[in-house]
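Dear colleague,

Here is the structure I said I would pass on. My notes on it follow below.

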Amino acid sequence: LRTSTMGQGFARAVRAANPARRYGLHHEDLYIETPEVEEALRRLPQDVLEARARRILRASDLVVKKQVLPKEEWTPVDQKPYLSEILDEVIREREERIRLDNR
């Protein structure tokens, strides 16, 4: 699904305004862990999952210390998503199961 140029600009502005960037977090690190998100996380490669855990631990430590990362270490606005494609797949599979169960 392609987003319009205006939609892409809006999405970029939202990502740029996300205060979690100051802690080195990716947007997807903040997803609420629903059953679908948990399944998508389970399907991630181990190194990606470990990197996510390290980012969350570092951010938690910074919050407790009331600190933020130096600006050059903030998460880039154009950070490539690591979970969205897998999450979309999990949701499609769940919807397909529901559809087939209701036949």
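**Arg55 and its surroundings**

Leaving out neighbours within four places in sequence, Arg55 is in contact with Gly24, Leu25, His26, Asp29 and Tyr82. Please keep in mind that this is a predicted model. Arg55 belongs to helix H3, which covers residues 46-64. Is Arg55 buried or exposed? Its relative accessibility is 11%, and the cut-off for buried is under 20%, so Arg55 counts as buried.

**Lys66**

Lys66 sits in the loop between H3 and H4. Its phi is near 55°, which is a positive value in a residue other than glycine.

**Helix H2 against helix H4**

Two packed helices are described by the angle between their axes and the distance between the axes. For helix H2 (residues 35-43) and helix H4 (residues 84-101), the axes come within 9 Å and cross at roughly 125°. The crossing of H2 past H4 is right-handed.

Which residues make the contact? On the H2 side they are Glu36, Val37, Glu39, Ala40 and Arg43. On the H4 side they are Ile86, Leu87, Glu89, Val90, Ile91, Glu93 and Arg94. Sorted by class, the contact of H2 with H4 has 6 nonpolar and 6 charged residues, with no polar ones.

**The chain as a whole**

The secondary structure of the protein chain amounts to 4 helices and 0 strands. Along the sequence this reads as the pattern α-α-α-α.

For overall dimensions, the C-alpha atoms fill a box of roughly 55 × 35 × 20 Å, taken along the principal axes. The radius of gyration of the protein chain is 16 Å, whereas a compact globule of 103 residues would have one near 13 Å.

How much of the protein chain is buried? Buried residues account for 24% of the 103 residues, and Arg55 is one of the buried residues. As for contacts between residues at least 6 apart in sequence, 83% of them join residues at least 24 apart.

Regards

Note on methods:
Residues are numbered from 1 along each chain as its sequence is written. This is a predicted model: local features need pLDDT of at least 70, side-chain atom pairs count only at pLDDT 80 or more; totals for chains, interfaces and linings use all residues. Side-chain values use heavy atoms; hydrogens and water are left out. Axes are lines fitted to C-alpha atoms, for helices over the stretch in contact, and angles run from 0 to 180 degrees between N-to-C directions. Helices (H or I, at least four residues) and strands (E, at least two) are DSSP runs, numbered from the N terminus. A crossing is left-handed if the near helix is turned anticlockwise from the far one by less than a right angle, and right-handed if clockwise. Contact means heavy atoms within 4.5 Å. Ala, Val, Leu, Ile, Met, Phe, Trp, Tyr, Cys and Pro count as nonpolar, Asp, Glu, Lys and Arg as charged, and the others, Gly among them, as polar. Buried means under 20% relative accessible area, exposed over 50%, partly exposed in between (1.4 Å probe, protein chains only). The radius of gyration is taken over C-alpha atoms; the globule rule is 2.2 Å times the number of residues to the power 0.38.
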